[in-house]
Amino acid sequence: MNAIEKRIEELYRYNPDLTPPVDLDAFWQRTFQEAAMRPLHGTRVLTETPFPAVDVYHVTYEGYDDTPLKGWYIVPKFMAGMGPLPCVVVFHGYTGGKDYPEAYADWALLGMAVFAVDVRGQGGETGNRMDSEYGMTKGWLTQGILDKDQFYYKAITVDALKALEWVAEQPEIDPSRIAVYGDSQGGGLSLMMAALSNVPAAVVANIPNMCHMDFGILNSTSSLQEAAEFVHRSPEHLNAVLNTLSYFDMVHLGEMIEVPVMMSVGLKDTVCMPETIFAAYNRIPSEKVLNIYPFTGHQVSSYQKRQAMEFLKKHL
């Protein structure tokens with residue numbers, strides 16, 4: 001057995017002894033009930049682009065609160081008359097945004113519709129109207145981090161749930177053939193949707209965040225450094241921070257996933273470290289595949305993107 005094989009074998013056996021919060025299910029049931037009480041407000045406006053093969057709509061919808069969330073809804077014209085379409089909902093990485101519509105041309109070439117959404121407050125055109133009752137470090141991760149009910153991750157999770165609900169109601173879409181896809185933060189959100197929503201039929205989570213976050217806050221160079229800095233400044237809040245993160249950790253939520261999952265991991269990734277990804281992957285009970293790249297850091301290659309497309313084409 002060479003060193004690479006030994007490392008991978010050890011990671012497949014990695015199963016940290018973590019206990020989920022006793023009220024984890026109750027927290028999410030209450031969150032779902034609160035979200036269901038919010039009407040599904042959303043509008044789509046046909047937008048002019050240089051691309052004659054697709055219809056592109058600029059979408060504004062509401063999620064956790066009254067923040068106007070923005071997205072691109074892209075429908076391939078050449079699939080007209082072919083019946084309801086499969087759709088991939090795309091979540092971007094931390095600090096990013098939904099980009100331009102042409103960033104999703106490859107999905108349209110597959111004959112799929114696309115709904116690509118901003119994550120609130122980050123690098124897109126979406127703001128953030130959440131209240132903040134306590135000071136934060138730089139970035140967004142520490143907003144409300146002392147209370148699971150006021151935490152930024154709760155807001156972006158509900159935003160993502162509402163995005164799935166909105167696209168499932170669009171007349172072009174087959175609601176039984178909706179997938180979620182994302183890299184890093186987007187991968188974490190994709191896994192969250194697979195665990196918490198009954199909309200996704202399949203999920204691709206490349207180098208996902210939101211996994212084994214107690215390990216990440218201690219060791220990684222990810223956005224969890226913001227939480228580490230928060231605790232560095234206020235060490236009395238360590239237990240509160242770890243407790244809040246535990247409600248959003250795929251180590252605890254992965255067991256809820258019932259749909260096919262593809263994940264990827266780079267063994268040289270210092271952002272979403274292999275230990276964190278394997279810890280979540282090893283607990284997922286559904287059909288799953290993990291693509292392992294021994295010499296890759298925090299990147300998603302064109303090869304992995306092709307693998308993801310073949311996986312979703314198979315399952316949609």
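Which residues line the largest cavity? In this predicted model, the lining is made up of Tyr 61, Phe 91, Val 117, Asp 118, Val 119, Arg 120, Ile 156, Asp 159, Ala 160 and Leu 189. Residues are numbered from 1 along each chain as its sequence is written, and side-chain values use heavy atoms, with hydrogens and water left out. Because the model is predicted, local features need pLDDT of at least 70 and side-chain atom pairs count only at pLDDT 80 or more, while totals for chains, interfaces and linings use all residues.

Empty space comes next. Rolling a probe the size of a water molecule over the atoms shows where empty space is left. On a 1 Å grid over the protein atoms alone, a cavity is a set of points where a 1.4 Å probe fits but cannot get out; a pocket is an open set with protein on both sides within 12 Å along at least five of seven lines; and lining residues have an atom within 4 Å of a point. Grid points are joined across faces, edges and corners, and a volume is the space filled by probe spheres set on the points. Under this rule, three cavities of 30 Å³ or more are counted.

The largest cavity has a volume of about 60 Å³. Helix H4 (residues 152-168) gives the most to its lining, with three residues; helices (H or I, at least four residues) and strands (E, at least two) are DSSP runs, numbered from the N terminus. Sorted by class, this lining holds seven nonpolar, no polar and three charged residues, where Ala, Val, Leu, Ile, Met, Phe, Trp, Tyr, Cys and Pro count as nonpolar, Asp, Glu, Lys and Arg as charged, and the others, Gly among them, as polar.

Among the residues that line the second largest cavity are Pro 208, Met 210, Cys 211, Ser 220, Val 271 and Thr 276. Here the classes come to seven nonpolar, five polar and no charged residues. Met 210 also has a backbone feature to note: its phi is near 65 degrees, a positive value in a residue other than glycine. The residue is placed in the loop between strand E7 (202-206) and helix H6 (213-219). With a relative accessible area of 1%, Met 210 is buried (buried means under 20% relative accessible area, exposed over 50%, partly exposed in between, with a 1.4 Å probe and protein chains only).

A positive phi is found at Thr 95 too, near 75 degrees. Thr 95 sits in the loop between E4 and helix H3 (105-109), and at 46% relative accessibility it counts as partly exposed.

Turning to the open space, the largest pocket has a volume of about 220 Å³. Its lining comprises 14 residues, of which Val 90, His 92, Tyr 104, Tyr 181 and Asp 183 lie nearest its centre. Strand E4 (85-91) and strand E6 (173-183) are the elements that give two or more residues to this lining, and E6 supplies the largest share, three residues. The pocket lining divides into seven nonpolar, four polar and three charged residues.

The nonpolar interior is described by cores, each a set of buried Ala, Val, Leu, Ile, Met, Phe, Trp, Tyr and Cys residues joined through side-chain atoms within 4.5 Å. In the largest nonpolar core, which has 74 residues, Tyr 73 and Phe 115 touch the most other members. H4 gives the most to this core, with 10 residues. A second, separate core of 23 residues includes Val 54, Val 114, Met 262 and Phe 311.

Two polar side chains round out the picture. Gln 170 lies in the loop between H4 and E6 and counts as buried at 9% relative accessibility. Its side chain makes a polar contact with the side chain of Arg 44 (3.0 Å); a polar contact is a pair of N or O atoms within 3.5 Å, and within protein one must be able to donate a hydrogen and the other to accept it, while residues adjacent in sequence count only if both atoms are side-chain atoms. The Lys 70 side chain makes a polar contact with the side chain of Thr 60 (3.0 Å).
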